[in-house]
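Let's take a friendly walk through the aromatic residues of this protein. Have the model open as you read.

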Amino acid sequence: MYQFTYHRPKSLDEVKKILGDNEEAKLLAGGMTLLPTMKMRLAQPSDLVDISNVDGLSDIQDDGDAIEVGAMVRHADVASSDVVREAMPALAALAEQIGDAQVRNRGTIGGSVANSDPAADYPAAVLGLNAVVRTDRREINADDYFKGLFETALEPGEIIVAIRFPKPKRAAYAKFPNPASRYAVVGVLVAETSDGIRVAVTGAGGCAFRATAMEEALAKDFSAGALEGITVDAADLNSDLHASSEYRAHLVGVMAKRAVLALGG
Ligand SMILES: Cc1cc2nc3c(=O)[nH]c(=O)nc-3n(C[C@H](O)[C@H](O)[C@H](O)COP(=O)(O)OP(=O)(O)OC[C@H]3O[C@@H](n4cnc5c(N)ncnc54)[C@H](O)[C@@H]3O)c2cc1C
């Protein structure tokens, strides 16, 4: 029924070799997306490369100016990490809101960011906190990473090793969850970073994007009132059975205001 070869390498070099030797191989992280996709026969990899045993992918490190989260760190571990809670409580709170306990205990940050589901939560944090996606071959700035629906800057066979989040001055995430799956119908992360105000939106479009008109308004006046009348163009947003594009555009405004209010603005 399912015909694939299962690998459980211990080093990144072994992972690269297996991927290099097998064009149809796929990395397996938490399996929360890949396994259902295989069950629906939408993916039929020749090889599954389980990276849960690979050294150095499961750490959370504070290097002073930034927190680096290894690709195999599970959502539950981000949510409960003292290091993350202390330096960027918004990231811990975002992880705490992903799916349900089972999904949080299996799903990984690397798998989520690699998959770039339009309704996933982490893309808002990666973009809003101006993170860097570190791979086995380079570093990709958040602004260059998300390209479209399930499309990222990753090349075939490229492996996310870690995500580095610079510490923000302050940040908050507000999410309107789908009541069944908890995926974001719309989620907005607002951050004051060393490079200025960033407002990142997930759930609304094909991939996470920045709401630049909101960033400009908040840079002049960091208050929910400054966002009055500013939203994003519904024509660019998703429309499905969960929400029309007009409703999503409305939610972007509401979630952005909630995030700003949570920061005292
Ligand atoms: C019922 C349910 C509810 C959910 N609700 C939410 C939610 O509310 N919010 C949310 O954000 N997400 C949600 N998710 C998704 C979940 O959070 C997982 O993070 C997501 O499925 C992918 O992570 P994973 O570790 O399971 O990756 P996998 O399923 O193992 O892999 C996903 C893809 O990424 C690739 N990949 C994995 N790791 C790497 C890597 N290090 N480098 C390069 N490519 C890699 C794989 O080859 C595969 O193509 C939900 C999932 C389910 C099943």
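Predicted model: local features only at pLDDT ≥ 70, side-chain atom pairs only at ≥ 80, totals over all residues.

Residues are numbered from 1 along each chain as its sequence is written, and side-chain values use heavy atoms, leaving out hydrogens and water.

Searching the whole structure turns up two aromatic pairs (rings of Phe, Tyr and Trp, the last by its six-membered ring, with centres within 6.5 Å; planes under 30 degrees apart are stacked, over 60 edge-to-face, the rest tilted). Tyrosine 145 and phenylalanine 146 have ring centres 4.9 Å apart and planes at 90 degrees, so they pair edge-to-face. Tyrosine 145 is buried at 0% relative accessible area, and phenylalanine 146 is buried at 10% (buried means under 20%, exposed over 50%, partly exposed in between, with a 1.4 Å probe and protein chains only).

Now find phenylalanine 176 and tyrosine 247: their ring centres are 6.1 Å apart with planes at 90 degrees, so this pair is edge-to-face. It links distant parts of the chain, 71 residues apart: strand E11 (residues 170-177) holds phenylalanine 176, and helix H11 (residues 245-262) holds tyrosine 247. Helices (H or I, at least four residues) and strands (E, at least two) are DSSP runs numbered from the N terminus. Phenylalanine 176 is partly exposed at 29%, as is tyrosine 247 at 36%.

Next, look at arginine 170, whose charged end sits over the ring of phenylalanine 222, 4.1 Å from its centre (here, CZ of Arg or NZ of Lys within 6 Å of the ring centre and within 35 degrees of the ring normal).
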